[in-house]
2 protein chains.
Amino acid sequence: MNFADRLDDAVARVGHPLVLGVDPHLDLLPEEYARARSLEVPRAVRADALTAFCCELINIAAGRVAAVKPQAAFFELLGADGWRAFESVVEHAHAQGLLVIGDVKRGDVPSTARAYATAHLGSAEDGRPACDAITVNPYLGEDAMQPFLETCVATGRGLFVLVRTSNPGSGLFQGHGDPPLAEVVARSVAGWGEKLRGECGLSSVGAVVGATHPEELQRLRAAMPHTPLLLPGLGAQGATAADCRAAFPDPTHPWRGGLINSSRGIAFAWRRPEHANRPWKDAARKALDATIAELRDALGLAPC
Amino acid sequence: MNFADRLDDAVARVGHPLVLGVDPHLDLLPEEYARARSLEVPRAVRADALTAFCCELINIAAGRVAAVKPQAAFFELLGADGWRAFESVVEHAHAQGLLVIGDVKRGDVPSTARAYATAHLGSAEDGRPACDAITVNPYLGEDAMQPFLETCVATGRGLFVLVRTSNPGSGLFQGHGDPPLAEVVARSVAGWGEKLRGECGLSSVGAVVGATHPEELQRLRAAMPHTPLLLPGLGAQGATAADCRAAFPDPTHPWRGGLINSSRGIAFAWRRPEHANRPWKDAARKALDATIAELRDALGLAPC
């Protein structure tokens, strides 16, 4: 079963398209993981603290969301020890029955892109744990995407190509030209995905479109009718669940169309005044429930 | 001393702008490092073989080139063990007196970009080994570049921003619009670099411009008069030293203007017919000498 169908199944099972971003900002970790940020502690010990936090967060999400999206940068900050932590987190998420979208945003010339694809999506020969999908950066063009696409065909895994990112300054280059670059990239992404359509109708080649640009989301959805959209920007970055509606156009399968990501809003809910004096895991559970309810409401999904 | 000046000194000392790319493609390694590619061997042992090869290659380059450019993807292929190898290679190159340009092509939204910047360029507090400069991808825009730029100000390190990459398909998005995106990015790079100019006149914010596009190189050099250019594409990708001339416009400092990269042409010279039956290190040494001589000739530099 290819990534598109596995994702569709998993989303249908939990009944909503929320994906939990696992973004362990060292500065935001609860006090019991403070040694993760201490420069006096050996790096391997810091990485163990990072792993422990992420695995607890994943335990909270298990059975409640379809997928988690660990952000590689916060692991890479601890070098090789951080990469060991990343691998443990991917393995733990899989053991908990979750799909894993590695937020690595890689991209390079073709021969190098092949190495990144194998590193994160595995290969037909190599049975080691790998992500179910990764994010990739399209700046280098179509030939640089081919190794990622070929790896998806060989392994049944998926991609989310950056189209329109959620940061405030993303329009500078992504909005360049007429039509704007993001639309040109979107049409390419739609084309690349045609060969990787699943039985659910969607492709294993998805696109990242910030939920912070609702007006563009509609145009980009039209340019990519069969592309699962990964929508970051909910919560901390200012987007609401209602801003994501255009990504989910199928009235008979209202959860189908992509994934809406929340990271800090859940993992670091304990830092918000309304959760004062609540243990971080309780705050994360409450925030997760509230976000799922908000999403169900905005997309017209039946409450579980 | 900031990165621009350290680079300028190092290039002046060796008398040419060649940078050695350390791209350990597993499939191309000499027979004595074959265990690096064997799926039957523990990954840590494979990573040790990778480290051994790269360190031997660096020994050949020491004192002959200003900088080496390890390509992260080939290390990342071996996960956490590969990252341990990458760190050893950076450390060994520094011990040999070489500048290190980490070819990581990272880029993400601002809060995440900060983690990548600290991971690869270090921070003011964190004294651990880091690259002297890294390559970054500009697709996400100016706000996503700021954390990298701020880290360069704080640490005296540098960047090479992807502008026009060397792969055949790079025009698809980089050539979009009028003026083409690459020119718009180039003007931004020039602006970002103004605050980071060194005493040599060049900035610590460089740009990647494929040597495979000589006609564009001239226009891009004009848009970025103070930007050191990192020119990949020599050898395996088809560019010649003469194609790079426009990057070096200063007649009184003819080596000044950037770095010309060669990777496979040197490390894997032993695979070419003219080096048949020569040990790989001898072949690499001969190829390195020949490439330096070709560059000196093309740029009108005095032979050492």
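User: What makes a residue a contact of Ala67(A), leaving aside residues up to four places away in sequence, and which residues does Ala67(A) touch on that basis?

Analyst: Two residues are in contact if their C-beta atoms, placed from the backbone, lie within 7 Å. By that criterion Ala67(A) touches Leu7(A), Ala10(A), Val19(A), Leu98(A), Leu99(A), Val100(A), Ile101(A) and Leu259(A), with residues up to four places away in sequence left out. The model is predicted: local features need pLDDT of at least 70 and side-chain atom pairs count only at pLDDT 80 or more, while totals for chains, interfaces and linings use all residues. Residues are numbered from 1 along each chain as its sequence is written, and chains are lettered from A and ligands numbered from 1 in the order in which they are written.

User: What makes a set of residues a nonpolar core, and which residues have the most contacts inside the largest one?

Analyst: The term denotes buried Ala, Val, Leu, Ile, Met, Phe, Trp, Tyr and Cys residues joined through C-beta atoms within 7 Å. The largest such core has 218 residues. Those with the most contacts inside it are Ala67(A), Val68(A) and Val163(A), together with Ala67(B), Val68(B) and Val163(B).

User: How do you know whether Gly233(B) is buried or exposed, and where does Gly233(B) lie?

Analyst: Gly233(B) has 26 other C-beta atoms within 10 Å, so it counts as buried. It lies in the loop between β7 and β8 (258-262) of chain B.

User: In what order do the 8 strands of chain A close into a barrel, and what is the sense of their pairing?

Analyst: Helices (H or I, at least four residues) and strands (E, at least two) are DSSP runs, numbered from the N terminus. Two strands pair if DSSP finds at least two bridges between them. In chain A, 8 strands close into a barrel in the order β1-β2-β3-β4-β5-β6-β7-β8, with parallel pairing. The twist from one strand to the next averages 30°, where axes are lines fitted to C-alpha atoms, for helices over the stretch in contact, and angles run from 0 to 180 degrees between N-to-C directions.

User: How do you know that β6(A) pairs with strand β7 (residues 229-231) of chain A?

Analyst: β6(A) and β7(A) pair in the parallel sense over 2 bridges, and at least two are required. Leu230(A) in β7(A) is the bridge partner of Val208(A). On its other pairing, β6(A) is joined to β5(A) by 5 bridges, again parallel, and Arg164(A) has Val209(A) as its bridge partner in β6(A).

User: What makes strand β6 (residues 205-209) of chain A largely enclosed?

Analyst: Of the 5 residues of β6(A), 5 are buried, so the strand is largely enclosed by the rest of the structure. Val205(A), Ala207(A) and Val209(A) point one way from β6(A), whereas Gly206(A) and Val208(A) point the other way, and all are buried.

User: How do you know how chain A and chain B are related?

Analyst: The copies are superposed by least squares on the C-alpha atoms of residues with pLDDT of at least 70 in both. A rotation of 180° with 0.0 Å of shift along its axis superposes chain A on chain B, with an RMSD of 0.0 Å. The two copies are therefore related as by a two-fold rotation axis.

Definitions and conventions. Buried ≥ 20, exposed ≤ 12 C-beta atoms within 10 Å, placed from the backbone.
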